[in-house]
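Student: I would like to go through some terms used for domains and chain contacts. Please set each value against its definition.

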Amino acid sequence: MTTNTSMTSAIQKWSRRFFMAAAGSLAISAAAGMPAFAQDAEWQKVIEAGKKEGKLILYTALVGQPSTKQIAAAFTKEYGIEVEILEARASEIRERVRVEQAAGRFAADVMFTSEGQTMLYDKEDKSVDPLPVTPNSQKIGDKFKLKVPMASVMTIPYGIMINTGLVKPADEPKSWKDIADPKWQGKILSDDPRAIGAGYLWFFSTYDKIGEDYVKKVASQKLVFTRDQRESQRRTARGEYSIYMPVIMTDFSDLKGLPVKFIIPEEGVPYVLYGNVMLKKAPHPNAAKLYLDFMQGPVVQKIYAGLGYGPVLPGMTEGLPADVKAISEAKLYGTTDTTRQNEMLAKSKDIFK
Amino acid sequence: MTIIHNRPLDDIAETAPTLAGNAFTRAFSGGSLWRLIGMLVLILILGFLTIYPLAMLLYGSLHSTPPGMAGEFNLNGYRSIMTTQNLIVLANTIGISLAKTIPSLTIAVFLAWIVARTDTPFRGTLEVLITLPFFIPPILTAMAWGMLANPQVGVINMVWRWATGATDPLVNIYSYGGVIWHMCQYSIPFLFLFMVDAFRAMDPSLEESSRMCGASRWTTFRKITLLLMLPVLTSSFMLSFIKGIETFESALFFGLPAGIKVITTDIYESINHRATPDYQYATSLSFAIMGLMFLLVIWQWWMLRGKSFQTVTGKGFRPSVMELGPWRWVTFAFCVLFFFITVVLPIGQLMLGSFFRFFGFYTYDMLTLEHYRAVFANSEFWRAVRNTMVLGLLGATATMALGAIVAYISVRTRWRGRNLIDSMAWLPWMMPGMVLGVGFLWAFAMLPGPIPIYGTIWALLLAYIALGTPVSVRVMTGAYHQLSYDLEECSRVHGATWAQTMWRIMVALAWPAFAVGWVLTFFGIMRELSASILLYSVGSETLAVVLMKLWANGNAEQVSVIGLMMMLLVIVFRWVQLSFIKARISKL
């Protein structure tokens, strides 16, 4: 009996091992060849379902950009899914999403916003779903695969703008460090670094990378503060100030014909990373997945690269005009970190009284 | 102080006979039960429009998190606003608001008197022209003044330097003076519009009697004209002063570079420019300000109680103008100067700029019509125009109707609850727009699911009615204060029903004020952004939202094109309205 028992258990052990091995090899073979097929089939189902949903509600914090509509039209052309767009500034649209969800009104599918805001949506409001894995999501640059549930799409680069009538070519600032030169005292118009925005982005990245002494030196330049990005560019162009910083580099094409020059600083461009999040209980979840994927695909990536934004998919800047290419490919210098925001805002308020 | 003797109000309201008619007529004219129901309905409507969103904000100020999020009740918001820094900012804000309200009111009174009470030439045309800046979005006039009066290359300073050889600038818009000036651009036309019809409805026999008794023109103006205008003047002062405390565009645009801080920029920052919007702080600060403002309302009640300001009576009302002789050219010159500085200079810039590729670069090769083409070809713009027109027409009419009813009850009856509805109607004016916008968002989104308001065009309409009510009630209150009770009685004695009396006397005689209120409310709706941006839904964009998008994307020239079109619309509206007023007055 004893022998029998031991034999049976031996067989059982063996068969379990065999089964495991078999399952393992099957899994390996699946990972090698089948999966693409399986995944394709899965994705095909998403496409079918998305087309059936027929509609996508997009909220965006990137206000007034004609590219949003252009992309929506391309998406509709590709999948036949209509896109409805609601635009509002970051804090307004975030509060709308939060209140809508708290009241059980799940109106929006996708939110186009920044990495910093995504962290707040995720950690504080808990209004976003985990990211789906889509075909294009695996192809983007590793640097843009984030911990927060945002499907990265593009970076907005910030640099320096000068008035060419007031600044001689020999005097042009070439780097962030040059801004601290005393010759610019009283001649710099700056986005306010004491509030969340472009000025603060510059402060955050240069404080971290160059140091407090540098920032203090710039603070002693008698900067004049503003909070209106576009109007400030015009004011500089009209000759009120020699330098405006930090400027959204992609605006260069809108100002062609004015006596201004956009400079990519030697150190690199502070940037804001934008992307899509899937909102909780999205009414059109499959259309949302398709949109997330589409935004990371070559069609949209080329649209953004063509406007000077930094694409997250490699190889999208081929064939662009030299000036656009330079901006689109500019070295990324640094961005803000939401977890340190209170500390850094306090620091900025202290330095730029 | 009582200038015309009248029977006590109680007599009139309490002894009114019960009349037949429809439910509405009965509700406001007849038995006390119907009246009670009528009042309750009115209180419910006003409660929903004003108390409910404010209650949500009050919750926000007393709770560690905004509605819909787990948190706890505490007083941290109120504690955090009690800082010396905030006190200084508050004092600064009050100072700025006084510094703009007093000169604005003085100039507006003077202009209203010139236009309505004197024989100054072209006063009809001037009446339309001098109010134009009020109807242009503030961001546009701010940009125009930035171009005109910046110390480096501002047009005015360039001309000054060229003419005098001076090196220092003449004016600097980025200063306290600049902030106040930009606010005046809006408050002078607003106050003028608000007051001009009260001046028009004045009985000149009172002024004439004063002159016959030997008083000088100046004494007559001071002791008769101004005193008779007390309800309108105090209302104007309060509306303007409170708005001055809440305005933030001017301070943000011109004050920030000069380090000028006001309360609303602080609130704006706490919502828009902190790591996480601090609604508890923003709402607490707003309620603290609101408490202070309410003291002003109490002061006005105290000033006006028990006095009568009736100028439109049954005894030969004959509005006529004062003949100024050669002085009329002085008043004319004043109006023209005012028109030149506040209208021609900034709006000229906008008009000129709209035909060039970029504002401020006026060279031949930059001439273009592309901004006009872009606006006309923008389908979103046309959709927004449609939405805004519907909302404006419906909203302004509903707001004025509500305002007229509230004003009628609070001024001309002794019904219980009249003070309550009058103060309820003040509330939305005392909350900064951007905070009240959040209040509407919370209020409408948190309504039970089956009530389909949030996410529809109704949310916008209701918010606009609430926002417009304070002005509509003030405008109509001023007008009703001027109508004598004998007119109403006379009509009733002659057998007219309550409704006929309302229509023939209270509406017909007060309608110029109604029309002005309507225009103010209509354009208020057209410009409203704070609540619109939080309540609009896909497809229900308003013009202000489209303007904001264009502005955010750097299309200042297209924004100007739209601003100028809005101004054209005002000219048409005002022209039609004033022609009607003239036709009516000539009939009287």
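Student: What makes domain 1 and domain 2 of chain A domains here?
Tutor: Their bounds come from an automatic or database domain assignment. On that basis chain A is divided into domain 1 (38-155 + 272-326) and domain 2 (158-270 + 333-351). The model is predicted, with local features needing pLDDT of at least 70 and side-chain atom pairs counting only at pLDDT 80 or more, while totals for chains, interfaces and linings use all residues. Residues are numbered from 1 along each chain as its sequence is written, with chains lettered from A and ligands numbered from 1 in the order in which they are written.

Student: How many residues does each domain of chain A give to the contact?
Tutor: Two residues are in contact if their C-beta atoms, placed from the backbone, lie within 7 Å. Nine residues from domain 1 of chain A and eight residues from domain 2 of chain A take part.

Student: Which element supplies the largest share of the domain 1 side?
Tutor: Helices are DSSP runs of H or I with at least four residues, and strands are runs of E with at least two, numbered from the N terminus. α5(A) supplies the largest share, three residues, of the side of domain 1 of chain A that touches domain 2 of chain A.

Student: What classes make up that side of domain 1 of chain A?
Tutor: Ala, Val, Leu, Ile, Met, Phe, Trp, Tyr, Cys and Pro count as nonpolar, Asp, Glu, Lys and Arg as charged, and the others, Gly among them, as polar. The side has seven nonpolar, two polar and no charged residues.

Student: How many residues join the contact between chain B and chain A?
Tutor: Chain B gives 43 residues and chain A gives 46 residues. α20(B) gives the most to the chain B side, with four residues.
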